[in-house]
Amino acid sequence: MKNIPSSSSSSSWFSNFCNSALRAKTLTGSSGHQTSPATGEGLVRRLGLSDLVLLGIGASIGAGIFVVTGTVARDAGPGVTISFILAGAACVLNALCYAELSSRFPAVVGGAYMYSYAAFNELTAFLVFAQLMLDYHIAAASIARSLASYVVTVLELIPFLKDSFPSWIGHGKELFGGVLSINLLAPILLVLLTIILCQGVGESSIVNSFMTATKVLIVIFVIIVGAFEVDVSNWSPFAPNGFKAVVTGATVVFFAYVGFDAVANSAEESKKPQRDLPIAILASLLICALLYIGVCLVITGMVPYKFLGEDAPLAEAFTAKGLKYMTVLISIGGIAGLTTTLLVGLYVQSRLYLGLGRDGLLPSIFAKVHPIRHTPIHSQIWVGVIAGILAGLFNVHELSHILSVGSLTGYSVVSACVITLRWRDKAESQVYRRWISTWHEGVICLVAVACCGFVVGLSYRFNTSYIFSLVAVLIAVLAIAALCCRQFYTDPPGFSCPGVPVVPAVSIFFNIFLFAQLHEEAWVRFVVLSIISMGIYAFYGQYHADPAKCKV
């Protein structure tokens, strides 16, 4: 008899947990000014269309445009151009989904987290946030260390400064057998960027716009100068290692486009979000694709792909042509690229923390917005401190193989959100057919598409029998057909993603296909972080969250 109260209490706790986890947020398409419930002050709308486009470009193109193009070309040959086209086409599917949701909910901050909160439930939204945030924290620290190394390298080009900087200044000095890796300059750079971001979105946008414009102009100049050094015979054979090498290259360079989703997180600070956000997302992705393709054509035309270096292929290609001055320009472009990528990354993190603070899933201090600067200073300082500690003390480059989990998770969930939010009202979608509602039937179809994408990805990765891939593709096609025939869809206000549900479903399939290409430790990280996040939600989030607190 003594165990009855305990059993009843456990049952009650689990019931409350399920009820909390499954509640969703009600969002509308209002684009009015959003205030913070914690302070009565909110963000301000200062970003125009050009600011948003440069924000997306700044987040996507870092120093990698001068490196990844050449390193992938070593395997794919001149066919790396097709790799970037394929990856860009796949990213367009994700961009179309982001464009629809950013137009549908133009007055909210939070991006993928907020969309999943509205389309699915609270727990799903929190898990998406956790996966994204770990990616952002590690990436910010890693980029900061790379930026510090670039700055030191450029400074050492000055004759009287050559070899005058100890390794612990910018390149990193390992201590205690590699447990620590001291880098003094990286935290200093993070402090400077955090101060800029705390000044306000207008001031940080000016810095981003200037640095991004500088970076783009340098890339264009590199393409123009390199075009005069192209030998078209270097483009033959175009795909020396076959089409599979080109496809494999596409799975690698896909992540070079990651960043356009940052535009969606600026919804609350955009002057005309319903019009500008979709345009900025798609325009920034298109511009990035054109720049990547231009660099690919130049680098593979200047030097035979077999002779491209691994660390600085583009710089080495220009040096081989006797154009050493271009290496300095490329280094400056690398600094500008890393600076904008880091700046936008820190900006996006603070807005995500702001969204969770407003909803009660994190302490309310994250929801506070400065009454004068109109920026979430507490959230901004927090992400700067986390990045500074990681960048200053640890060689986070070693964790690069577990990154991209958050991006692929966020992209997949956003694609699913487009489909579920299009389903004609909840009442109709909850009609039961025998033993399952049509809404749950649709969700099962989406899960089936994702699982099939993972199976095909594993089959491709480990070169298993094509039968597995064929069966998985067939099941995915049947699931998509069920989504087309057994669900009812309405057209949203504003921008509408074409081909729903086929386009979002194909996007999910390809995203999870890429997920299967990640390092095995990335899969472990996904599972472990999900379990930890569920624990945090169970003991804090479910008791403090209020989906109606920030109803817009």
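A: In this predicted model, the axes of helix H6 (residues 122-155) and helix H13 (residues 325-359) come within 9 Å and cross at roughly 155°. Axes here are lines fitted to C-alpha atoms, for helices over the stretch in contact, with angles from 0 to 180 degrees between N-to-C directions; helices (H or I, at least four residues) are DSSP runs, numbered from the N terminus. H6 is therefore roughly antiparallel to H13, a term for angles over 145 degrees. H6 passes H13 in a left-handed crossing, in which the near helix is turned anticlockwise from the far one by less than a right angle. The residues of this contact comprise 19 nonpolar, eight polar and no charged. Nonpolar covers Ala, Val, Leu, Ile, Met, Phe, Trp, Tyr, Cys and Pro, charged covers Asp, Glu, Lys and Arg, and the others, Gly among them, are polar.

The model numbers residues from 1 along each chain as its sequence is written, and side-chain values use heavy atoms, with hydrogens and water left out. As the model is predicted, local features need pLDDT of at least 70 and side-chain atom pairs count only at pLDDT 80 or more, whereas totals for chains, interfaces and linings use all residues.

Leaving aside neighbours within four places in sequence, Leu346 is in contact (heavy atoms within 4.5 Å) with residues including Ala140, Leu190 and Val383.

A second pair is H4 (residues 80-104) and H15, whose axes come within 9 Å and cross at roughly 55°. H4 is therefore oblique to H15, and their crossing is left-handed. Among the residues making this contact are Tyr98 and Leu101 of H4, and Val414 and Leu421 of H15. The contact residues divide into eight nonpolar, three polar and three charged.

Thr81 lies in H4 and counts as buried because its relative accessibility is 5%, buried meaning under 20% relative accessible area (1.4 Å probe, protein chains only). Thr81 touches Phe238, Ile293, Cys296 and Leu297, not counting residues up to four places away in sequence. Ser412, in H15 (residues 405-422), is likewise buried, at 9% relative accessibility.

Definitions and conventions:
Helices (H or I, at least four residues) and strands (E, at least two) are DSSP runs, numbered from the N terminus. Buried means under 20% relative accessible area, exposed over 50%, partly exposed in between (1.4 Å probe, protein chains only). Angles under 35 degrees count as roughly parallel, over 145 as roughly antiparallel, 65 to 115 as roughly perpendicular and the rest as oblique.
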